[in-house]
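Dear colleague,

I am passing on the structure below, followed by notes on what came out of going through it. Please read them with the coordinates open.

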Amino acid sequence: MREYDVDIRKLNNLSIYQLREVGAKVGVRNPTAMRSDELRESICDVVTGKIKPYLKTKSGRPHKEVISDAEWDDLVGFNNSYKFCNRDDMLSLYSTSSNIYPSDSSQIYEGYVMQIQGELIFAVGTAEQIRLNKYARINRDLPNYRLLQQGDQITATLSPTKGAGTDPFVTEIKSINGVSDFDKLATASKQDTPQSLNTTPEFCYKYPQLKFLNNEFPVRAGQRALFIGEDKMSGQDFLANSLAKDLSRDYHIVYFSCNKMPEDKMSFNGNVDYFFSTFDINPRNLVFTFEVAFERAKNLCQKTHTIFIVDDLNDIMTAYISLFENDKDFDIDEHYSEILQQLKVMYASSGINNCGSLTLFTFASVPQDSHLANYLHDLDSLVNCHFILDKAAFLDGADEFLVKDECRIAKQKRTLVD
């Protein structure tokens, strides 16, 4: 790389507080008094040698006039390609820039609202197209910004690209969750009483291949179910697809399906956000897609009965481990609790509220890796509906393929009476 060829696009992914810190380090004069755009420009001027760094009295020597590539990456946090902070911060965009290049300001895009480092972004694409580097920024002064929540599905127009290193931003929101009457949305958000629901929290499977769940091990709305098989050929995908098809007639489904063959893709008629990805997706994009799917499920359950289906916990856990392995100080035992926490939060989100519910159907196979086995054991202790799949029975085409002696469901608790 040339001496001046630092990637200034990385500045687009820093919050105002991080920009101030970088500005102070490189020698920007009075960075706390600048707005984000002005501060980014001033930082660029210093690191590319256009202006000399400002030396405050008694502050010591500032950075040299030109920042080396390695030093630049360390300065803006690029060498830490992925870091968890908390659930609100989710992903760091330090190591990516948007590759959406709008040229037509009238083109309408669809996607999902996410929050990263305290700021809302627009993850552009249908559920199966979500990628970490396909996004646009959502400015707080945008009309109807206050109506947005994480997990909203929106349509919007984007700013035309102004040049390399410039992330697009949303110029106009056209609809939120299919509604374009924003006055109606604003009124609905202020209602004190919950809206009436068209469905009840009682599952009634219509597909014959699901009848055995109703007979002995019914899963109720708001519960957490985990199906474990000997390996991936124990019927996990068959059950996950069947549940999504069957229950989508009465409930909203968010279905996360990963690491699949292209021909495994299913077709659904409405009521399903189908986050499908093939085996070639990298760990960063897989985790980001999972996070979008999870936020979508949490969003929907505020107003309707929602079912979140995750067809392979093993692949998700493996992806999280892969991301932590990028850290030079990675130690799997040390990071164990951090990785496990990501999925604990998912299970803790289930339940019934005044306006809806969130039910989890999750699937896994018995891991060969000891660390994955430990994760799965801990997650299994968090569910209230535990199923063991009988691989031989499934492959033989049996109507029921559970190891019944090893299945359990939580009994409904008695209601306290004052």
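Helices (H or I, at least four residues) and strands (E, at least two) are taken as DSSP runs and numbered from the N terminus, and the expected span of a helix is 1.5 Å times one less than its number of residues. This is a predicted model, in which local features need pLDDT of at least 70 and side-chain atom pairs count only at pLDDT 80 or more, whereas totals for chains, interfaces and linings use all residues. Residues are numbered from 1 along each chain as its sequence is written, and side-chain values use heavy atoms, with hydrogens and water left out.

I begin with helix α6. The buried residues are Q236, L239, A240, N241, S242, L243, A244, D246 and L247. Their cover includes helix α5 (211-216) together with strands β6 (224-229), β7 (252-260), β8 (272-278), β9 (305-310) and β11 (357-365).

The charged pairs come next. With a salt bridge defined as a side-chain nitrogen of Lys or Arg within 4 Å of a carboxyl oxygen of Asp or Glu, a search of the whole structure finds 15 of them. One of these joins D246 to R249, with the closest N and O atoms 3.2 Å apart; D246 is buried, at a relative accessible area of 1%, while R249, at 44%, counts as partly exposed. Another joins D311 to K260, where the closest N and O atoms are 2.9 Å apart. Because D311 lies in the loop between β9 and α8 (313-325) and K260 in strand β7, this pair ties together parts that are 51 residues apart in sequence. Both D311 and K260 are buried. D273 and R296 also form a salt bridge, with the closest N and O atoms 3.2 Å apart, and this pair links distant parts of the chain, D273 being in strand β8 and R296 in helix α7 (residues 283-300), 23 residues apart. Here too D273 and R296 are both buried.

The backbone oxygen of C258 lies 2.8 Å from a polar atom of the K260 side chain. With contact meaning heavy atoms within 4.5 Å, and leaving aside neighbours within four places in sequence, K260 touches D237, F276, S277, T278, F279 and D311.

For the protein as a whole, there are 11 helices and 13 strands, and 50% of the 418 residues count as buried. Residues 24 or more positions apart account for 66% of the contacts with a separation of 6 or more.

Best regards

Terms used
Buried < 20%, exposed > 50% of the residue type's maximum accessible area, 1.4 Å probe, protein only. Polar contact = N/O pair within 3.5 Å; in protein donor to acceptor, adjacent residues only side chain to side chain.
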